[in-house]
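This briefing concerns the structure shown below. Please keep the sequence and coordinates at hand while reading.

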Amino acid sequence: WIKADVFSLIVPWEEKGRRIALIHHIDWSVFPLLVRPILFMLERICDRNLKKSDAIVTVSEYWKRHFIVKGYSHVYKVYPGFSLPIFDISQREVEEFEERFHLREKPIVYIGNCQKAKGVGETYDALKGLNAYLVTSGEKQADIPALNLNLEYRDYLCLLKASSVAVTMSKFKEGWCMTAHEAMLLKTPVIGSGKGGMRELLEGGEQIICEDFGMLRQKVVHLLEHPEERLRLGEKGFAFARRFTAERFAESWLELIKSLL
């Protein structure tokens, strides 16, 4: 049995079989104050069920340490994996994307999935007025004047590829940050908050960590004005991100399951 989120772990385990809990992250800090006591109570129930599991699987070193410090001994780490051929996007494809969405006149700064917890509100406030397109993606859940594009996955990757900079200023402790990883696979430099497991990803790829929204504009402007630095960061990020293949992911999971059996 594999339960892949905190809320599913509130329900008791089935009686028979090996039990694997996959935890990306646990962080209630971005939830409304009124509901946090309920969430903390549910987390305690989750903890009881975690103790009955055969394995706790995390996606980064940060969260592996988190559970080890809490006293769990059966903690494993399986990094996310990507099918690398999907990220082979031509310059012509990027130009066609820019043409369709009228993004040809200025550089693009991607500021994240349009959710408050992803820090897009504070990011927009820090960057507004730049001579650049500020673009978010996904379902619009934050009311900001940035251009929001709710795209199919291929077009979303084209957006990341077309961007001069990808900004991932999450306000909660990420498990890993798939958006930052995707941008790095497309050789787009990343500036991120580094919260949770995201720090391991950004440091491994020698990207830029910005812990203060007040410093964000300066860092973005620097990259926009220095294309050679963007190129260097893009190559560094790609060299690290490409290690995390779908094949490596599958192999790690199979090894874990075999060891439990």
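The points below cover strand pairing, crossovers and a surface patch.

The model under discussion is predicted. Strand β3, residues 55–58, is joined to β2 by four bridges and to β4 by three bridges. Both pairings are parallel.

**Strand pairing**
- β2 covers residues 20–23, and β2 and β3 run parallel, with four bridges between them.
- Within this pairing, Ile 23 has Thr 58 of β3 as its bridge partner.
- Strand β4 comprises residues 75–77 and pairs with β3 in the parallel sense through three bridges.

**Side chains of β3**
- Ala 55 and Val 57 point one way from β3, whereas Ile 56 and Thr 58 point the other way.
- All four of these residues are buried.

**Crossovers**
- A right-handed β-α-β unit is made by β2, α1 and β3, with α1 spanning residues 36–51.
- A right-handed β-α-β unit is also made by β3, helix α2 (residues 61–69) and β4.

**Surface patch**
- Val 30, Phe 31, Leu 34 and Val 35 form a nonpolar patch on the surface.
- Together, these residues have about 350 Å² of accessible area.
- Val 30 lies in the loop between β2 and α1.
- Val 30 has a relative accessible area of 32% and is therefore partly exposed; this value passes the patch cut-off of over 30%.

Terms used: Residues numbered from 1 in each chain as written. Predicted model: local features only at pLDDT ≥ 70, side-chain atom pairs only at ≥ 80, totals over all residues. Heavy atoms only, no water. Patch = residues over 30% accessible without salt bridge, like charges linked within 9 Å, V, L, I, M, F, W, Y side chains within 5 Å. Areas by Shrake-Rupley, 256 points an atom, 1.4 Å probe, with all protein chains shown as cover. Salt bridge = Lys/Arg side-chain N within 4 Å of Asp/Glu carboxyl O. Helix = DSSP H or I, 4+ residues; strand = E, 2+ residues; numbered from the N terminus. Buried < 20%, exposed > 50% of the residue type's maximum accessible area, 1.4 Å probe, protein only. Pairing = 2+ DSSP bridges. Right-handed = clockwise from strand over helix to strand, strands pointing away.
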